[in-house]
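Have the structure open and follow along.

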Amino acid sequence: MTSLTPHTRGLLLLILVTAVWGSTFAVVKELGALLDPAELIAWRFTVAAVALLPVLALSRRRAPVSPRPPRRDLWRDGLLIGAWLVAGYGTQTIALQTTSANRAAFFTALSVVLVPVWLVFAQRRRMPAALWVALPLAVLGLGLLSWEGGAFVVGDAWALACAVTYAAFIIALERVAPRHAALPFTFAQLIVVAVLAWTWALVQGGVTVPPAAAWGPLLYLGVIATAATTLMQTVGQKTVTAAEASLIYALEPVTATLFSFLLIGERVGLRGALGGALVVVATVLSQRADAAPHPELPAPQPGTEDLTG
């Protein structure tokens with residue numbers, strides 16, 4: 001991708017990230033039968049941090065003799081982003097205990113609609129007309145999804161909570177990602193989430209060693225769906241705005257539905273398909289209301305996509 005512009009490269013990276021994310025709903029749902037949410041997240045992000053450590057060490061070895069020193073606020077920003085991440089992964093993992101993978105994916109997709117809504121309140125400006133159309137469509141779509149799979153369950157509420165926390169994560173990441181080199185900042189995020197998740201696990205009753213059947217999914221989630229995607233997302237959002245990123249993330253429930261069918265045999269009926277389509281339409285419409293730059297969010301600068309410094 002060396003001939004591509006930084007912005008195009010960022011868009012492609014986020015599309016790949018979204019496709020990988022789509023596969024994780026089915027994997028996490030199956031893995032949730034073997035591990036509780038806190039341990040699942042703790043092991044997942046520990047594996048991710050260990051996987052990224054040699055890459056970080058190699059990048060530093062290849063760095064110039066006098067590399068740019070790390071910013072003092074690296075760990076402060078890592079704590080901010082990591083806190084939003086553990087909230088998002090935690091609510092999503094809990095949701096998948098009682099709701100289907102494809103249904104949770106469409107509920108989580110509401111985060112794409114919530115990004116411009118969040119920014120409307122942050123900027124204290126009038127809500128654009130497109131958002132007034134997108135929000136009812138999203139609510140109607142979620143209602144159809146809920147009815148198809150039975151009554152509204154507690155997992156659906158957790159999936160909605162995931163949408164709120166992930167919308168905040170998208171906005172926060174756009175603000176802080178341009179400040180840091182991608183690799184150390186990604187590593188900081190993984191460490192923060194792992195520490196918070198281990199603390200959560202210890203508080204709720206202790207830590208156990210995962211059974212043999214859990215290690216394959218954990219390695220996939222940790223290395224591919226966490227370390228690699230977090231790094232790609234951090235690089236991508238250096239040159240892609242929150243509005244563009246959230247529009248790309250609208251593809252996640254579509255890929256999640258495909259993988260849920262292929263991996264665990266979940267199906268979506270006519271009512272669910274209509275509800276999912278309304279959610280996707282709402283996410284696209286919501287971005288029409290978010291075309292203006294955000295004064296509180298610095299615009300990504302070309303050439304800031306370097307990994308090490």
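Start at Asp 77, which pairs with Arg 179 in a salt bridge whose closest N and O atoms are 3.1 Å apart. (A salt bridge here is a side-chain nitrogen of Lys or Arg within 4 Å of a carboxyl oxygen of Asp or Glu.) This pair ties together distant parts of the chain: Asp 77 sits in helix α3 (residues 74–95), while Arg 179 lies in the loop between α7 (154–176) and α8 (182–203), 102 residues apart. Helices are DSSP runs of H or I with at least four residues, numbered from the N terminus.

Before going on, a word about where this comes from: it is a predicted model, in which local features need pLDDT of at least 70 and side-chain atom pairs count only at pLDDT 80 or more, while totals for chains, interfaces and linings use all residues. Residues are numbered from 1 along each chain as its sequence is written, and side-chain values use heavy atoms, with hydrogens and water left out.

Asp 77 also meets Arg 76 in a salt bridge, at 3.2 Å from N to O. Arg 76 in turn bridges to Asp 73, with 3.3 Å between the closest N and O atoms.

Asp 77 is buried at 2%, and Asp 73 is buried at 12%. Arg 179 is partly exposed at 29%, whereas Arg 76 counts as exposed at 52%.

The structure holds two cavities of 30 Å³ or more. On a 1 Å grid over the protein atoms alone, a cavity is a set of points where a 1.4 Å probe fits but cannot get out, and lining residues have an atom within 4 Å of a point. A volume is the space filled by probe spheres set on the points, which are joined across faces, edges and corners.

The largest cavity has a volume of about 190 Å³. Its lining has 15 residues, with Trp 21, Gln 92, Thr 108, Tyr 166 and Glu 252 nearest the centre. Helix α3 gives the largest share of that lining, three residues.

The second largest cavity comes to about 30 Å³. Among the residues lining this second cavity are Trp 21, Leu 85, Tyr 166 and Gln 233. Here α9 (212–236) gives the most, with three residues.

How values were computed
Buried means under 20% relative accessible area, exposed over 50%, partly exposed in between (1.4 Å probe, protein chains only). Helices (H or I, at least four residues) and strands (E, at least two) are DSSP runs, numbered from the N terminus. On a 1 Å grid over the protein atoms alone, a cavity is a set of points where a 1.4 Å probe fits but cannot get out, and a pocket is an open set with protein on both sides within 12 Å along at least five of seven lines; lining residues have an atom within 4 Å of a point.
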